[in-house]
Number of protein chains: 2
Amino acid sequence: VSDSTKRLIPLAAMERILKQAGAERVSDKAKTAMKEVVEEIVEKISKDAIRYAEHAGRKTVKSEDIKLAVKQR
Amino acid sequence: VSDSTKRLIPLAAMERILKQAGAERVSDKAKTAMKEVVEEIVEKISKDAIRYAEHAGRKTVKSEDIKLAVKQR
């Protein structure tokens, strides 16, 4: 995962999401693990979606590119 | 995806991530599609991780719970 992506998804959001899903407590390492997973997934989907947009002759990434990228995971 | 989770991951971050991955332009619907996908994934991993923590007799979600939840996707 690139350094730039790392700054985009806040670590604190991971704890809030886990708490809202029902977690009583969340370890610091669990927050970091969740953040890393999310970043990897988002980066993979992004790269695939961009490839699909290019394949369709577009410079704009559209929702159908994202949806195809998710399906192909 | 719950309403609470929806407020935790900023829509603008999706565009920044896609741009940093190399997208020239990103449609509004693509941003929303990406956000929805990320939210669904995070919510699913969270719920599974919480279940694994409970199964291990813990009230604290640890990184091994997150890792197992990701593996089991």
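Helices here are DSSP runs (H or I, at least four residues), numbered from the N terminus, as are strands (E, at least two). The model is predicted: local features need pLDDT of at least 70 and side-chain atom pairs count only at pLDDT 80 or more, while totals for chains, interfaces and linings use all residues. Residues are numbered from 1 along each chain as its sequence is written, and side-chain values use heavy atoms, with hydrogens and water left out.

**Exercise 1. Find the buried residues of helix α2 of chain B, state how they are placed around the axis, and examine B:Gly22.**

Step 1. Helix α2 of chain B covers residues 11–20. Buried means under 20% relative accessible area, exposed over 50%, and partly exposed in between (1.4 Å probe, protein chains only). B:Ala13, B:Met14, B:Ile17 and B:Leu18 are buried in this helix.

Step 2. These residues lie on the same side of α2(B), because they cover an arc of only 135° around the axis. The arc is taken from the directions from the helix axis to the C-beta atoms.

**Exercise 2. Describe the largest nonpolar core and list the contacts of B:Ile66.**

Step 1. A nonpolar core is a set of buried Ala, Val, Leu, Ile, Met, Phe, Trp, Tyr and Cys residues joined through side-chain atoms within 4.5 Å. The largest has 44 residues, and those with the most contacts inside it are A:Val61, A:Ile66, B:Val61 and B:Ile66.

Step 2. The elements giving two or more residues to this core are α2, α3 and α4 of chain A and α2, α3 and α4 of chain B.

Step 3. Contact means heavy atoms within 4.5 Å. With neighbours within four places in sequence set aside, B:Ile66 touches A:Leu18, A:Ala30, A:Ala33, A:Met34 and A:Val37 from chain A, and B:Ile45, B:Ala49 and B:Val61 from chain B.

**Exercise 3. Work through the salt bridges A:Glu43 to A:Lys47 and B:Lys44 to B:Asp48.**

Step 1. A salt bridge is a side-chain nitrogen of Lys or Arg within 4 Å of a carboxyl oxygen of Asp or Glu. The count over all chains is 18.

Step 2. A:Glu43 and A:Lys47 form one at 3.8 Å, N to O. They are 4 residues apart in helix α3 of chain A, about one helical turn. A:Glu43 is buried at 12%, whereas A:Lys47 is partly exposed at 41%.

Step 3. In B:Lys44 and B:Asp48 the closest N and O atoms are 2.6 Å apart. This pair is also 4 residues apart, in helix α3 of chain B. B:Lys44 is partly exposed at 43%, and B:Asp48 is buried at 8%.

How values were computed. Chains lettered and ligands numbered in written order.
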